[in-house]
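Please look through the sequence and the model shown here before reading on.

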Amino acid sequence: MRRLSILLVCGLLGGVLLRTLQAAPMQQPLPVPTVNPALGVIDPSEFAPTTDFPAAIPGTIGPVDFALDVNPLTGLPVSDPAVLQRRPIVAKISNGPPLVRPQHGIAQADIVFEHYTEGGITRFSAVFYSQAPRKAGSVRSARLIDYELAEMYKGLLAFSGGSGGVEQKLFGSEFGSRAYKGILYGRPYFWRDETIDIPHNMFFDPAALWEIAARDGFQQRPLLRGMAFHPVAPEGGTDDGTSIDIRYRATRVQWRYDPGAGVYWRWADGQPHFDAGIDRQVSAENVVIVYAGHYLTDIVEAEYRGAVSWSTQITLWPQGHAELFRDGRRYAGQWVRLTRPDLLGLRTDSGELLVLKPGRTWFQVVQLPEQMNPIEEWTRWE
């Protein structure tokens with residue numbers, strides 16, 4: 001009954017919020033809420049992560065109880081459980097212009113969110129937890145979506161900087177003391193590669209950042225509940241999940257399933273997308289398309305010759321449509337995040353757990369279909 005009440009309240013408030021935002025002219029800036037308006041939250045300490053989840057079928061890993069040696073972000077065991085006795089790092093990594101590719105460390109992230117910034121380009125929020133590349137980047141400035149993600153994963157935030165409005169929200173948040181602004185640190189934490197042009201040349205060492213977090217008193221294993229995994233593909237789904245084609249306005253993403261390897265390989269703008277640190281093409285066991293509302297705010301990200309780029313708020317709450325791709329199959333369902341500390345979870349359209357394959361997950365965040373330009377933007381699969 002409590003969960004049903006929460007869902008009803010979230011749905012009503014969320015509906016009011018979305019109708020209000022959609023009624024506003026999209027070319028005009030919209031105010032940035034100081035709290036999650038869809039939840040009506042005032043004090044983050046007044047609520048806790050969701051604790052009631054749909055029943056899991058036998059063999060499911062998570063979403064609540066994980067063995068001490070199992071990574072709750074991948075569902076996989078780790079050889080050394082000590083690596084899980086730390087907070088994940090949410091790292092802001094560049095994806096545009098194309099000269100920043102191949103990035104370093106991106107293939108070793110447990111989870112990656114790709115999302116819009118300004119001008120139609122995309123940027124990554126990569127979550128490092130079980131693995132620690134020696135060099136990750138290039139590191140760029142944070143966006144409003146990181147205000148959600150850093151709290152979602154109870155993590156450290158690694159970023160180069162941010163606009164005044166975004167930094168105000170980040171440093172004023174629950175995790176503000178765990179936000180590490182790269183330009184304020186030198187080696188071995190953050191550094192610039194002088195052979196690469198600014199601003200595309202900042203990198204960081206996750207292991208070093210975990211060391212400084214330990215010094216600051218932030219090196220604890222957080223409670224990460226919400227993701228559910230199963231090695232066997234669930235029933236249902238359709239067989240059009242072997243190829244994914246996502247057209248953002250300024251970049252094109254493709255994923256192709258390899259049944260021999262059991263993973264999806266990534267292409268960017270028609271080229272295999274490599275990780276420079278390990279000289280390997282980026283892959284994932286799961287690819288999830290997340291449809292979420294994108295709304296302009298009154299935060300200025302950039303201004304050039306009178307042209308203003310406004311920051312975009314991506315509403316990763318309380319739920320929305322999702323497409324899960326695993327094992328060469330496609331599953332239509334819902335993404336769910338009912339309270340601010342919750343991890344993004346997946347459900348079937350009937351409300352049951354939609355289980356991921358144990359391994360890495362890429363979340364491709366796109367606009368709601370009604371917000372897309374039908375000529376420039378689309379998602380397709382086969």
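Accessible areas come from the Shrake-Rupley method with a 1.4 Å probe, and for residues only the protein chains shown count as cover. On this basis the chain exposes about 15,800 Å², of which carbon and sulfur atoms supply 55%. This is a predicted model, in which local features need pLDDT of at least 70 and side-chain atom pairs count only at pLDDT 80 or more, while totals for chains, interfaces and linings use all residues. Residues are numbered from 1 along each chain as its sequence is written, and side-chain values use heavy atoms, with hydrogens and water left out.

Of the 382 residues of the chain, 58% count as buried, a term that means under 20% relative accessible area (1.4 Å probe, protein chains only). The chain holds four helices and 22 strands, which are DSSP runs numbered from the N terminus (helices H or I, at least four residues; strands E, at least two).

Two bridges join E4 to the antiparallel strand E8 (residues 202-204), and Gly137 stands opposite Phe203 in E8.

Elsewhere, Ser283 lies in strand E15 (residues 283-284) and counts as buried because its relative accessibility is 5%. Among the residues that Ser283 touches, not counting those up to four places away in sequence, are Trp255, Trp265 and Trp362, contact meaning heavy atoms within 4.5 Å.

Note on methods: Buried < 20%, exposed > 50% of the residue type's maximum accessible area, 1.4 Å probe, protein only. Pairing = 2+ DSSP bridges.
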